[in-house]
Amino acid sequence: MAVNTSKIKNEMPVQDPKKRARNFDEVALGYTEEQAKNEAARCLNCKNKPCQSGCPVGIDIPAFIQKIKDGDYEGAYQVIAKSSSLAAVCGRVCPQETQCESKCVRGNNGEPVAIGRLERFVADYHNAHNLGKVDAVEPNGHKVAVVGSGPAGLSCAGELASRGYEVTVFEALHTAGGVLVYGIPEFRLPKKIVTGEIKNLKARGVKFELNTVIGKTLLVDELFEDGFDAVFIGSGAGLPNFMKIKGEDLKGVYSANEFLTRVNLMKAYKADSDTPIKHSKAVAVVGGGNVAMDATRSALRLGAERVVLVYRRSEAELPARKEEVEHAKEEGVEFMMLTAPVEVLGDEHRNVRALKCQKMELGEPDASGRRRPVPVPNSEFELEVDTVIAAIGTSPNPLIKNTTEGIDVQKWGGIITDEHGKTTRDMVYAGGDAVTGAATVILAMGAGKDAAVQIDNAIKAKNKK
Ligand SMILES: Cc1cc2nc3c(=O)[nH]c(=O)nc-3n(C[C@H](O)[C@H](O)[C@H](O)COP(=O)(O)OP(=O)(O)OC[C@H]3O[C@@H](n4cnc5c(N)ncnc54)[C@H](O)[C@@H]3O)c2cc1C
Ligand code: SF4
């Protein structure tokens with residue numbers, strides 16, 4: 001197939017911004033076969049594979065793109081599946097622009113190959129044609145417990161199941177999937193995609209114990225007493241950080257975690273929901289990451305007339321994915337940059353009536369390398385809103401550490417491990433956001449898979465003695 005010399009990527013078909021701003025259906029619609037082949041033809045099949053070095057789990061990117069060129073989409077999926085067990089998820093939410101695509105040589109003179117969009121195409125093709133096809137694995141007689149069913153836990157469970165382990169995933173919530181189901185909204189990652197991946201794991205023998213909080217319902221020590229040879233902790237970083245400003249306890253202030261969980265998981269937007277959510281007119285979302293973008297866009301979809309993103313640095317420093325920022329803007333979210341909240345103001349019924357803000361300017365770079373926001377004197381003003389959502393980061397929950405002997409954690413709560421996920425307690429491993437703090441799906445998956453290999457080695461080594 002001849003190389004496609006176009007400097008720009010094939011556009012991703014999307015729902016019309018005006019329509020999609022008021023519905024929860026998926027925004028990006030995916031490539032057609034023709035668009036996927038045309039995009040694949042932009043890949044030069046570089047011998048030194050720079051793109052692969054930008055992928056945290058090392059997918060053989062030129063090999064899977066070559067299979068698309070050949071029209072062998074299932075073959076392409078199998079190449080990806082060697083390194084990633086959640087291709088349909090990663091193809092949708094991975095920050096490709098800072099990973100594989102940032103290394104693509106086509107980016108030196110034009111746009112890089114749309115690797116993420118191609119991954120999504122291949123995974124969706126596979127799911128439409130082969131979902132549930134499983135190769136039987138001989139059981140090896142050993143049991144491993146996985147705590148948490150987010151990407152770290154799921155990829156650890158998948159890797160161990162493929163090595164013959166009997167794996168049980170313990171999940172605190174009533175639905176499996178972690179942030180993929182309770183955090184990332186339906187319009188970016190349809191729940192059926194995650195459900196499909198979990199169905200695949202179940203078909204491979206992985207058991208799920210929902211509504212089970214390890215550290216409360218069952219202790220880590222009790223898991224060992226129940227005959228588990230090892231425990232993997234993938235409990236994430238679900239504890240929201242607060243703004244620590246006056247008025248944060250008023251009615252109408254939410255953490256992004258609470259807001260998104262209620263909307264995504266508890267279907268709070270439905271009139272008959274057990275946990276109904278306030279129908280806001282004007283919403284301020286504080287923060288600038290993917291979580292903040294998801295909160296603004298969900299608030300719009302719930303019917304708010306005005307949604308304002310309040311971020312203390314400039315647009316260049318926004319940590320959210322560029323595509324999400326563009327989509328939010330197209331849908332009508334207002335971006336109020338170089339602005340920080342100083343107080344939430346309430347009415348006589350303790351309902352939010354405004355967010356008092358202060359303008360900022362950028363000073364010298366701080367420890368993160370980004371220019372530090374500095375308040376502009378006498379620049380305070382009131383932003384009239386009835387809802388404030390804080391999306392300023394999360395930390396790991398201390399429950400497991402507090403109830404388990406021998407698991408050391410960092411000052412900020414992250415579980416301490418070696419580079420392969422081994423904690424300070426024998427046969428207890430950890431990975432994902434519980435170790436790194438809030439990060440990305442692909443890093444959590446990589447950590448889960450890596451730990452599974454170490455768990456396998458450790459159990460084999462014990463049994464040789
Ligand atoms: C709104 C939002 C948007 C995001 N967008 C993106 C994106 O676009 N791209 C991207 O790459 N990343 C994104 N991220 C980050 C990404 O989702 C996380 O880095 C990733 O999910 C971490 O995976 P994990 O498996 O470590 O933890 P989680 O996904 O947090 O899963 C942990 C699971 O453990 C369960 N659990 C916790 N404690 C216990 C316990 N004691 N017992 C039993 N179960 C327990 C939790 O209920 C949860 O289900 C986003 C995060 C959020 C919140
Ligand atoms: S760097 Fe870009 S062009 Fe080269 S193999 Fe990777 S995706 Fe293809």
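**Stop 1: Gln96**

Select Gln96, which sits in the loop between helix 6 and helix 7 (100-103). Helices here are DSSP runs of H or I with at least four residues, strands are E runs of at least two, and both are numbered from the N terminus. Leaving out residues up to four places away in sequence, Gln96 touches Cys90, Gly91, Glu101, Ser102, Gly116 and Arg321. Contact means heavy atoms within 4.5 Å. Gln96 is buried, at 7% relative accessible area. Buried means under 20%, exposed means over 50%, and partly exposed lies in between, using a 1.4 Å probe and protein chains only.

A word on the model: it is predicted, so local features need pLDDT of at least 70 and side-chain atom pairs count only at pLDDT 80 or more, while totals for chains, interfaces and linings use all residues. Residues are numbered from 1 along each chain as its sequence is written, chains are lettered from A and ligands numbered from 1 in the order in which they are written, and side-chain values use heavy atoms, without hydrogens and water.

**Stop 2: the cysteines**

Now show Cys94 and Cys90. How far is the sulfur of Cys94 from the closest cysteine sulfur? The distance is 3.9 Å, to Cys90, too far for a bond. A disulfide needs two cysteine sulfur atoms within 2.5 Å. The whole structure has zero disulfides. Cys94 is buried, with 5% relative accessible area.

**Stop 3: ligand 2**

Select ligand 2. Around it are Cys43, Leu44, Asn45, Cys46, Pro50, Cys51, Pro62, Cys104, Val105, Arg106 and Ile115. A residue is listed if one of its heavy atoms lies within 4 Å. The shell has nine nonpolar residues, one polar and one charged. Ala, Val, Leu, Ile, Met, Phe, Trp, Tyr, Cys and Pro count as nonpolar; Asp, Glu, Lys and Arg count as charged; the others, Gly among them, are polar. Click on Cys51: it is buried, at 11%.

**Stop 4: salt bridges**

The structure holds 31 salt bridges. Each is a side-chain nitrogen of Lys or Arg within 4 Å of a carboxyl oxygen of Asp or Glu.

- Select Glu26 and Arg92, whose side chains meet at 2.8 Å, N to O. Glu26 lies in the loop between helix 1 (17-20) and helix 2 (33-40) and Arg92 in helix 6 (residues 87-93), so the pair ties together parts 66 residues apart in sequence. Glu26 is buried at 16%, and Arg92 is buried at 8%.
- Next, pick Glu166 and Lys207, joined at 2.9 Å, N to O. Glu166 is in strand 2 (residues 166-170) and Lys207 in strand 3 (residues 207-209), 41 residues apart. Glu166 is partly exposed at 35%, and Lys207 is partly exposed at 41%.
- Then try Asp456 and Lys460, whose closest N and O atoms are 3.1 Å apart. Both lie in helix 18 (residues 441-464), four residues apart, about one turn of the helix. Asp456 is buried at 2%, whereas Lys460 is partly exposed at 46%.

For a network of salt bridges, select Arg20, Glu97, Arg188, Asp294, Arg297, Arg301, Arg321, Glu324, Glu330 and Glu331.

**Stop 5: the cores**

A nonpolar core is a set of buried Ala, Val, Leu, Ile, Met, Phe, Trp, Tyr and Cys residues joined through side-chain atoms within 4.5 Å. Which residues have the most contacts inside the largest core? They are Ile61, Phe64, Ile65, Ile68, Leu118 and Ile455, in a core of 72 residues. Helix 18 gives the most to this core, with nine residues. Finish at a second, separate core of 32 residues, which includes Ala21, Ala256, Ala292 and Leu302.
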